[in-house]
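Here's a quick tour of one protein chain. Have the model open while you read.

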Amino acid sequence: MACRYDAPMALPAQKLDRRLTVEEYLRFEETSQVRHEYHDGEVLAMSGGTFEHAAVTTNLVATLHAALRNGPCRVLDSNMRVAVSKSRQFVYPDASILCQPPQFHFSDPKRTTIINPRVILEVLSESTESYDRGEKFEKYRLIESLEEYVLLAQDRPAVDGYLRQPDGSWNLIAWQEMDSEAQVRCMKLSLPLSELYAGVAFAERRTRRRKMADQ
């Protein structure tokens, strides 16, 4: 297998040695022990992430679930695949928010791929940040239902929110303090950074603790 680019996890993805149709990919994914993304014929295995990535993702889904549980919207975790039909792309975002009845990809009778998320959220890592901010965001913008794209760092308290504007542009707001509250602006939803990063010891803090222990 040959590397193509980083998948939306902490380690590089590995490319299948042959191209597949969408239907072949969906059948292949049904029985695979490893999740794969699909990029216009190319199939890439997703590698596992770090402890920090898993912790922030879990906090994110839990925070969103608590905030949305009494309303019409729901949060979906990374097991729910999202299709970008216009670019023939199938991916697994770390979390997504659905506010309408789910619409499933026409090639997926198993109901494992939605096409109408309102919000997509990704947890970044050093190896995937440029992909998540660049090529992946470019593809996500083709989803007509998508109103907001939220990125969370895993190595520091930092959240970036991109909100689609009426003219098709995207407005960015960033939050970088642990006592601040990020916003999913299209839903007027608050995400306290203290909850998103609860229990996460950042590398700088771990280094400081080690130095203090050695004194």
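## Gln89 and beyond

Gln89 is buried, with a relative accessible area of 3%; buried here means under 20% relative accessible area, exposed means over 50%, and partly exposed is in between (1.4 Å probe, protein chains only). This is a predicted model, where local features need pLDDT of at least 70 and side-chain atom pairs count only at pLDDT 80 or more, while totals for chains, interfaces and linings use all residues. Residues are numbered from 1 along each chain as its sequence is written, and side-chain values use heavy atoms, leaving out hydrogens and water.

Gln89 sits in strand S6 (residues 89–91); helices (H or I, at least four residues) and strands (E, at least two) are DSSP runs, numbered from the N terminus. Its side chain makes a polar contact with the side chain of His39, at 2.8 Å. That term stands for a pair of N or O atoms within 3.5 Å; within protein, one must be able to donate a hydrogen and the other to accept it, and residues adjacent in sequence count only if both atoms are side-chain atoms.

Gly168 makes a handy counterpart, in the loop between S11 and strand S12 (170–175).

| Residue | Relative accessible area | Class |
|---|---|---|
| Gln89 | 3% | buried |
| Gly168 | 41% | partly exposed |

Zooming out, the chain has 6 helices and 14 strands, and buried residues make up 49% of its 215 residues.

Now for the cores. A nonpolar core is a set of buried Ala, Val, Leu, Ile, Met, Phe, Trp, Tyr and Cys residues joined through side-chain atoms within 4.5 Å. The largest one has 31 residues, and Ile97, Leu152, Val159, Met187 and Tyr197 touch the most other members. Elements giving two or more residues to this core include helix H2 (51–68), strand S7 (95–98) and helix H5 (193–196). H2 gives the most, with 5 residues. Another core, of 17 residues, lies apart from it, with Leu76, Tyr149, Leu151 and Tyr162 among its members.

Back to H2: its buried residues include His53, Val56, Leu60 and Leu64. At 1.5 Å a residue (times one less than the number of residues), the 18 residues of H2 should span 26 Å, which agrees with the 26 Å between its end C-alpha atoms.
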